[in-house]
Each structure stands twice: as C-alpha cells, then as structure tokens.
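Open the model in a viewer and keep the sequence beside it. The tour goes from one selection to the next.

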Amino acid sequence: MSRLIKEYITLLTIEDKRASERFWELERKIKIDRCNPRVILNMRKSEAIYDIISLIRLGVITYDDLADFSEDVKKAAKLILSR
C-alpha cells in the first residue's frame, strides 16, 4: 500500500498536466488497483485455493505462510504451484 500511495502522490504532483487530467488519471489508477489482490480480495470458500495460489504467485504470501492450514490445502497448493 505504501508503494501505491507514493505512486498516487507522484501522479498528483505532475505539474505539466492540468488538475482535471491528474484527477481522472488518479481515479483510473485507483479503479485498476482496487482489483489487485494486494489491495483487496473478495474471497469465496469455493475459490479459496485459487486465491491462495494467486497471493503466493504475486509474492503477497509464501508457501511457508500456509503452515496453519490443513494438509489437503498445502498439498493442493503445492500441486498447483508445481504446474
């Protein structure tokens, strides 16, 4: 999140663009960033394993973070990640 905030600040402080251009660019960027699992993640039990894999692939969590999960979840994650 800190990285995103710095990007937003940089975007807003570009002085060679009109204020309205900066505003709409910021709005577009926030809209895109909100869909990123690093920012917000809508979870459903039926898709949990795929959300976990996505978070691992994005570097948000590591496989080691699954230590408290069931063996079935860890095996499924390892199988999918090995593909």
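Helices here are DSSP runs of H or I with at least four residues, numbered from the N terminus. Select Gly-59, which follows helix α3 and has a positive phi, near 80°. The model is predicted, so local features need pLDDT of at least 70 and side-chain atom pairs pLDDT 80 or more, while totals for chains, interfaces and linings use all residues. Residues are numbered from 1 along each chain as its sequence is written, and side-chain values use heavy atoms, without hydrogens and water.

Next, select α3, residues 48-57. Its buried residues (under 20% relative accessible area, 1.4 Å probe, protein chains only) are Asp-51, Ile-52, Ile-53, Leu-55 and Ile-56.

Now go to α1, residues 2-12, where Leu-4, Tyr-8 and Leu-11 are buried. These three lie on the same side of α1, because they cover an arc of only 60° around the axis, taken from the directions from the helix axis to the C-beta atoms. On the other side, Ser-2 and Lys-6 are exposed, that is, over 50%.

Show α2 (19-34) as well: the buried residues of α1 pack against α2. The angle between the two helices is about 160° and their axes are 9 Å apart; axes are lines fitted to C-alpha atoms over the stretch in contact, and angles run from 0 to 180 degrees between N-to-C directions. α1 and α2 are therefore roughly antiparallel, a term for angles over 145 degrees. For the contact (heavy atoms within 4.5 Å), select Leu-4, Glu-7, Tyr-8, Leu-11 and Leu-12 of α1 with Arg-22, Glu-25, Leu-26, Lys-29, Ile-30 and Asp-33 of α2.

Notes:
Angles under 35 degrees count as roughly parallel, over 145 as roughly antiparallel, 65 to 115 as roughly perpendicular and the rest as oblique.
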